[in-house]
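Please look at the model below with the ligand site in mind. My notes follow in numbered points.

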Amino acid sequence: MAKVKVAVVGYGVIGQRLADGVEKQEDMKLLGIVDVAPTLSIRALYDSDSPYDVYVVNDSMRGAFEAEGIPIKGNLNDILSEADIVLDATPAGVGAKNKELYLKAKKKAIFQGGEKDEVADVFFHGYANYEKGIGADYLKLTSCNTTGFIRAVDCIDKEVGVERVVVTIIRRSADPGDIHRGVVDLALVEKVPNHQAVDLMKIMPHIDATGALVHVPTTHGHIITLLVTPKKKISVDDALKLFEAHPRIKVVEIEKGFNSNAALFRYARDRGSKRADMYEIALFKETLVLSGNNLFFTISVPQEAVVTPETIDGIRASLKLQTNWKEAVSLTNKYLKME
Ligand SMILES: NC(=O)c1ccc[n+]([C@@H]2O[C@H](COP(=O)([O-])OP(=O)(O)OC[C@H]3O[C@@H](n4cnc5c(N)ncnc54)[C@H](O)[C@@H]3O)[C@@H](O)[C@H]2O)c1
């Protein structure tokens, strides 16, 4: 079968990882990446062993890249004419403007969490509502936090059903290297409910959810606590078995040194993962307990890479590569080596 052709527009924190993720899928071909400026990420890509083809949005931008010695393959129209689907990973709000171009070129696109829901036909999560995305022209991914904790909630939901979720998010305020939020020293509390709980209810409308959001001055991953009310009682041991069997959840032990967001980042770097990326969320084993019949546990969400698998699931759904969610996520997992 011919490989489907994918363009990545916006080669920043998320775009870099989506491009790598697509490149690993044996049934997909990455046509190249599109950006507006020769950023540090583009410079690093070009200086790497196997740079992807670089495209500019319009030809007036060629000069800035070529002045840096970075060859340009073409412009946005050129890559759109070849692509089956676009992964838009531009800054929040830019994707909505780009959608006009995708509509004109009659190309499907997948947008990231920073865009408003209206940008897409379907608000998408590969495990929780794959079927809704099948054949849809425009999908929007859940945010990094929501992508991460829906994996855990859906895992319990598929086994025993879930009635209610309370989710407290301790949110990293910026990505490593970011300066746009300045040097910070505070824990910023937002009103309840957080948008992530509201988003969970959009993806899983049968569940009632609420929760708090606290921004803290760290960069390596969000820490999230969840109180999950199952429909049928489930023991800690049975829940643990479900989490351990989930390819996108890594159960870790505090006792073995996995005691923080930073420990996970260091672990990923030491195991040789490119950019210290983790596609998995980490679930801290010793935090999994019962409170009455409710499951209570804490996870860490590596915000930079976590949306990659579900975005690739989105390609599978939108282009109808697989019409069964299990087959789709299994293939994504296989090529990302997450089995
Ligand atoms: N950073 C995260 O942790 C994270 C996690 C999940 C989702 N998201 C979402 O992913 C999206 C991208 O975020 P990011 O953090 O990767 O942003 P980023 O700023 O790191 O990268 C955006 C890239 O898009 C480029 N760009 C700007 N305008 C463009 C245009 N018109 N055409 C092509 N490229 C353009 C920029 O030069 C930059 O390289 C946002 O919707 C964000 O909310 C971010």
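1. A polar contact, as used here, is a pair of N or O atoms within 3.5 Å. The model is a predicted one. On that cut-off, the backbone of V13 qualifies, because one of its polar atoms is 3.0 Å from an oxygen atom of the ligand.

2. Two further contacts belong with that one. A polar backbone atom of G114 also has a ligand oxygen at 3.0 Å. On the side-chain side, an N or O atom of D175 is 2.6 Å from a nitrogen atom of the ligand. On its own the ligand has 840 Å² of accessible area, and the protein covers 79% of that.

3. Which residues come nearest to the ligand? They are V13, I14, D35, R172 and D175, out of 21 residues around the ligand. The shell is made up of 11 nonpolar, seven polar and three charged residues.

4. Among the elements that supply at least two shell residues each are helix 1 (13-23) and strand 2 (28-35).

5. A separate point concerns the cysteines. With a disulfide taken as two cysteine sulfur atoms within 2.5 Å, the count is zero.

Technical notes
Residues are numbered from 1 along each chain as its sequence is written. This is a predicted model: local features need pLDDT of at least 70, side-chain atom pairs count only at pLDDT 80 or more; totals for chains, interfaces and linings use all residues. Side-chain values use heavy atoms; hydrogens and water are left out. A residue is near a molecule or strand if one of its heavy atoms lies within 4 Å of it. A polar contact is a pair of N or O atoms within 3.5 Å; within protein, one must be able to donate a hydrogen and the other to accept it, and residues adjacent in sequence count only if both atoms are side-chain atoms. Accessible areas come from the Shrake-Rupley method with a 1.4 Å probe; for residues, only the protein chains shown count as cover. Helices (H or I, at least four residues) and strands (E, at least two) are DSSP runs, numbered from the N terminus. Ala, Val, Leu, Ile, Met, Phe, Trp, Tyr, Cys and Pro count as nonpolar, Asp, Glu, Lys and Arg as charged, and the others, Gly among them, as polar.
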